Amino acid sequence: MLYFKNRGIFTVNSYSILFYYHIMKRDSEIFNYIQQENQRQLYGIELIASENFVSDQVMEAMGSILTNKYAEGLPGKRYYGGCQVVDEIETLAIERLKELFGATWANVQPHSGAQANTAVFSAFLNPGDKILGFDLSHGGHLSHGSPVNISGKWFDANFYGVEKETGRIDFNKVANQILDLKPKLVISGASAYSRDWDYKTLRKACDEVGAMLLADISHPSGLIAKGLLNDPIQDCHIVTSTTHKTLRGPRGGIIMMGNDFENPFGLTTLKGKTKLMSQVLDGAVFPGTQGGPLEHVIASKAVAFGEALSDDYFTYIKQVKLNASVMADEMIKKGYQIISGGTDNHSMLIDLRSKNLTGKVAEAVLGQAHITTNKNMVPFDDKSPFVTSGIRFGTAAITSRGIDESGMVEIVNLVDEALMAAEDDNKLNAIGEKVKSMMAGKPLFATPVTA
């Protein structure tokens with residue numbers, strides 16, 4: 001008999017001993033890299049708006065034995081046997097998500113936010129149909145009609161943007177654009193827009209021309225779930241989101257509806273009944289745009305949804321919003337121009353041209369000081385997407401580490417100090433040591449959660 005820790009007891013012979021020696025041997029090369037990444041995250045300041053830190057139980061579920069299970073189809077309607085347990089897990093994820101957002105239907109299988117959007121396009125659209133989305137160069141997302149994405153290659157993509165004078169979307173102007181263009185689908189949502197959305201005005205215009213309205217809330221989903229921003233669930237036909245930004249779950253996507261409705265194209269079942277959109281969307285996810293669901297990730301999503309339903313999460317997400325507001329105010333005091341003049345959510349987009357810096361330079365300089373950010377185009381940018389005039393900040397991740405308003409003031413001081421020392425390696429290295437000292441002893445997930 002041979003005992004392997006956490007693996008049970010096995011009857012072995014010389015062949016099986018040799019076999020287990022090889023398969024159980026730790027891959028030191030890859031795990032060394034994982035440890036390096038752990039140190040990078042632990043001792044740095046994370047300001048990328050689309051990143052966050054998850055709880056141990058979220059990671060534990062994602063790294064569980066559920067990764068072994070194939071489960072094509074839906075709970076109770078699988079194409080594989082042995083799905084009785086994962087059926088319960090996926091059903092629980094769906095029910096928690098519906099409770100969190102007040103939805104009547106949800107699909108938790110999309111592997112990413114972009115795939116959730118692609119499934120919606122597959123359900124609603126035919127190649128060449130008109131769509132209207134937020135311009136990528138103004139803060140939109142690749143999957144909202146960019147020519148390098150399938151959404152721009154397959155469909156007649158049109159765009160709205162922010163006003164040059166205010167940096168804000170004029171929703172009445174967008175409504176008029178909808179009336180003139182008569183698109184089949186209108187997409188609201190952004191990856192770099194710091195203000196709230198007027199879903200009601202968009203829905204009214206969509207109803208007048210028979211367009212469908214999709215809200216992609218990937219960035220502010222956590223704030224929306226807790227009532228800190230306008231809620232699209234009743235005003236938009238469909239809502240999509242990622243689960244790994246402010247929602248603080250594993251990487252993945254979701255699709256929701258506030259109210260189910262008949263498919264506008266009159267698709268029917270074998271019994272001749274018109275399909276509901278929930279049925280069409282389920283089919284658009286699988287088998288329409290992806291294969292078997294990742295049940296280990298779905299379990300991790302369920303854990304995160306449970307956490308997000310807690311009072312502790314409400315305390316956390318309020319602090320995310322407060323920290324962003326403080327950060328924006330402090331950056332403005334130091335002479336930085338924030339697009340739209342501030343923020344309503346967790347993020348902000350900063351135009352660096354007044355500081356004679358590019359986004360590319362700023363990202364590299366802050367990175368040398370162990371402050372992680374991403375360069376970003378600003379509206380009406382005069383530089384390429386590989387250089388950019390802006391940089392994007394977000395507070396979801398740094399708040400998960402327990403940073404409050406006073407800590408945000410300190411972080412802004414470090415950011416400004418580093419940017420003003422862009423060509424001084426010695427100063428940048430010294431700032432990096434300050435960052436390490438500030439973050440030492442702060443766990444990646446500091447805020448308590450009782451699901």
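Trainee: How many aromatic pairs are there here, and what counts as one?

Mentor: Rings of Phe, Tyr and Trp (its six-membered ring) pair if their centres lie within 6.5 Å; planes under 30 degrees apart are called stacked, over 60 edge-to-face, and the rest tilted. By that rule the count is 11 aromatic pairs. Before we go on: this is a predicted model, where local features need pLDDT of at least 70 and side-chain atom pairs count only at pLDDT 80 or more, while totals for chains, interfaces and linings use all residues. Residues are numbered from 1 along each chain as its sequence is written, and side-chain values use heavy atoms, with hydrogens and water left out.

Trainee: Got it. Which kind of pair do Phe134 and Tyr193 make?

Mentor: Their ring centres are 5.7 Å apart and the planes meet at 75°, so this pair is edge-to-face. To place it, you need the naming: helices (H or I, at least four residues) and strands (E, at least two) are DSSP runs, numbered from the N terminus. Phe134 belongs to strand S7 (residues 130-134), and Tyr193 to the loop between strand S9 (185-188) and helix H8 (199-209), so the pair ties together parts 59 residues apart in sequence.

Trainee: Are those two buried or exposed?

Mentor: Buried means under 20% relative accessible area, exposed over 50%, and partly exposed in between (1.4 Å probe, protein chains only). Phe134 is buried at 0%, and Tyr193 is buried at 7%. Both also belong to one aromatic cluster with Tyr160, Phe171 and Trp197.

Trainee: Where does a charge sit over a ring?

Mentor: The rule asks for NZ of Lys or CZ of Arg within 6 Å of the ring centre and within 35 degrees of the ring normal. Arg26 lies over the face of Phe31, 3.8 Å from the ring centre. Lys164 has its charged end over the ring of Phe380, 5.4 Å from the centre.

Trainee: On to strands. Which strands pair with S12?

Mentor: Two strands pair if DSSP finds at least two bridges between them. Strand S6 (residues 105-107) runs antiparallel to S12, joined by three bridges, with Asn107 opposite Ile255. Strand S11 (residues 238-242) is also antiparallel to S12, over four bridges, and there Ser241 has Ile254 as its bridge partner.

Trainee: And which residues of S12 sit on each side?

Mentor: In a regular strand, side chains alternate between the two faces of the sheet. In S12, Gly253, Ile255 and Met257 are on one side, Ile254 and Met256 on the other, and all are buried.

Trainee: What does Lys301 touch?

Mentor: Contact means heavy atoms within 4.5 Å. Leaving out residues up to four places away in sequence, Lys301 touches several residues, including Val108, Thr243 and Gly253. Lys301 lies in helix H11 (residues 295-308) and counts as buried, at 1% relative accessibility. A polar atom of its side chain is 2.8 Å from the backbone oxygen of Gly253.

Trainee: Last one: what is the strand order in the open sheet?

Mentor: This sheet has four strands in the order S13-S14-S17-S16, with antiparallel pairing. Strands S13 (337-338) and S16 (374-376) stand at the edges with a single partner strand each, so one side of each has no neighbour in the sheet. S16 pairs with strand S17 (residues 390-394) over three bridges, and Asn376 stands opposite Gly390.

Conventions. A polar contact is a pair of N or O atoms within 3.5 Å; within protein, one must be able to donate a hydrogen and the other to accept it, and residues adjacent in sequence count only if both atoms are side-chain atoms.
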